[in-house]
Amino acid sequence: MARMTLTFPDEFLWGTATAAHQVEGGNWNNDWWAFEHRPGTPCAEPSGDACDQWHRYPEDVALLAALGFGAYRFSVEWSRIEPEEGEFSTAALDHYRRVIACCRDHGLVPVVTFHHFTTPRWAAAGECWSDPVTAERFARFCERAVAALGAEIGMACTINEPNIVATLGYFLAAFPPGVSDVDRYQRANDTLIRAHRLAYEALKAGPGDFPVGLSLSMAEFVAEPGGEEHMRRVRHTMEDIYLEAVRGDDFVGVQTYSRMRFGPDSPVPLGPAEGVPVLQMGYEYWPQALEATIRRAVEVSGCPIHVTENGIGTADDRQRIAYVTEALTGVRRCLDDGLDVRSYFYWSLLDNFEWALGYMPTFGLIAVDRVTQRRAVKPSAAWLGQVARTGRLDPAPGVSGG
Ligand code: BGC
């Protein structure tokens with residue numbers, strides 16, 4: 001069937017996303033930096049200067065706006081704002097105030113994430129997210145940060161992918177604190193949910209009037225014959241408890257990259273299926289997962305949806321365009337069915353520090369020279385900027401997933 005040009009509503013928001021630790025550089029005062037330098041962790045390399053966005057944000061924001069996007073999602077670094085318990089840095093808050101003002105000056109909606117995987121060393125010194133006290137500490141941080149920044153914020157995410165913080169940190173030992181302990185895993189999920197609820201209240205009570213939500217890591221869950229029970233159990237802990245906890249919020253942020261398949265013999269997901277291309281991250285090229293997860297997020301949470309992350313780590317920029325075209329076609333189908341989907345944020349603006357995998361995976365619309373920090377705009381950036389500017393998506397001719 002010939003594919004036609006698709007159009008998106010005028011008010012649909014187009015943006016890109018980053019996170020402080022992955023782009024700012026020099027965030028030595030958080031648990032991730034410590035983890036990167038701890039012998040025996042799975043980290044490929046330290047984050048170091050990252051993309052030096054701490055200093056180069058004016059250039060990045062200007063580039064993003066010039067490309068045609070309407071929003072920038074970034075995170076504020078808790079360990080810079082509250083470097084020791086109860087000591088708040090006015091200078092760090094002023095810095096983020098300038099970043100937000102810079103977005104506004106360029107006509108971009110500033111979307112602020114208050115926790116994107118990193119926790120200050122002082123707060124991580126004990127049991128971190130498996131101790132309920134961390135929820136109170138995080139809420140207090142949000143209260144102070146929003147008091148300084150709230151007036152100009154356009155939209156806020158409380159916690160980025162709390163389900164990944166819990167699963168990778170407390171069960172799979174691939175994120176800090178690097179433990180595998182079912183009891184702590186359970187408590188981490190509980191604390192993160194409570195932290196979201198307290199942060200939601202704190203952000204709503206502060207200055208400004210902007211939508212607040214949680215960003216959740218989602219995957220299309222697929223059960224091979226006999227794998228239904230495993231699939232349901234994993235999906236319950238990784239998605240459902242969060243989607244149920246956000247009911248009534250302004251929105252839920254859907255963040256999707258691929259699918260997870262489950263077979264009868266093991267509770268862990270199966271590897272990539274034969275014939276499906278495998279990406280730098282080790283998972284399958286599966287752009288149709290976005291549509292599936294939006295539908296599920298609506299069904300379970302009942303919330304309006306923002307796609308706060310979707311993207312692909314690949315060295316092949318044509319594959320990136322093909323992936324996003326397919327993913328956006330799914331978003332359009334959701335809109336056609338009357339689902340309330342309000343935005344699409346591509347992950348990521350820049351090639352950046354991909355956590356334990358270091359700088360190998362390249363998700364960016366813009367490449368970054370690791371020595372000179374020079375930015376180089378990829379063809380996909382101009383392409384997606386054009387989609388953002390016009391609200392029109394043409395099928396990508398002759399490009400396939402493989
Ligand atoms: C995270 C990002 C990460 C991206 C690509 C999401 O899980 O929020 O920090 O870089 O996926 O793996």
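Student: Where does the ligand sit?
Tutor: The ligand sits in the largest pocket. A pocket, on a 1 Å grid over the protein atoms alone, is an open set of points with protein on both sides within 12 Å along at least five of seven lines; a molecule sits in one if more than half of its atoms lie within 2 Å of its grid points. This is a predicted model, where local features need pLDDT of at least 70, side-chain atom pairs count only at pLDDT 80 or more, and totals for chains, interfaces and linings use all residues. Residues are numbered from 1 along each chain as its sequence is written, and side-chain values use heavy atoms, with hydrogens and water left out.

Student: Which residues come nearest?
Tutor: Of the 13 residues around the ligand, those are Gln-22, His-116, Glu-161, Glu-309 and Glu-354. Around it means a heavy atom within 4 Å.

Student: Which polar side-chain atom lies 2.5 Å from a ligand oxygen?
Tutor: One of Glu-161. Glu-354 has a side-chain N or O atom 2.6 Å from a ligand oxygen, and for Asn-160 the distance is 2.9 Å. A polar contact is a pair of N or O atoms within 3.5 Å.

Student: How much of the ligand does the protein bury?
Tutor: The protein buries 93% of the 310 Å² that the ligand exposes when taken alone, by the Shrake-Rupley method with a 1.4 Å probe.

Student: Switching to Tyr-323: buried or exposed?
Tutor: Tyr-323 counts as buried because its relative accessibility is 1%, and buried means under 20%. Tyr-323 is in helix α12, residues 317–336.

Methods
Polar contact = N/O pair within 3.5 Å; in protein donor to acceptor, adjacent residues only side chain to side chain. 1 Å grid on protein atoms, 1.4 Å probe; cavity = no way out; pocket = protein on both sides within 12 Å on 5 of 7 lines; lining within 4 Å. Helix = DSSP H or I, 4+ residues; strand = E, 2+ residues; numbered from the N terminus. Buried < 20%, exposed > 50% of the residue type's maximum accessible area, 1.4 Å probe, protein only.
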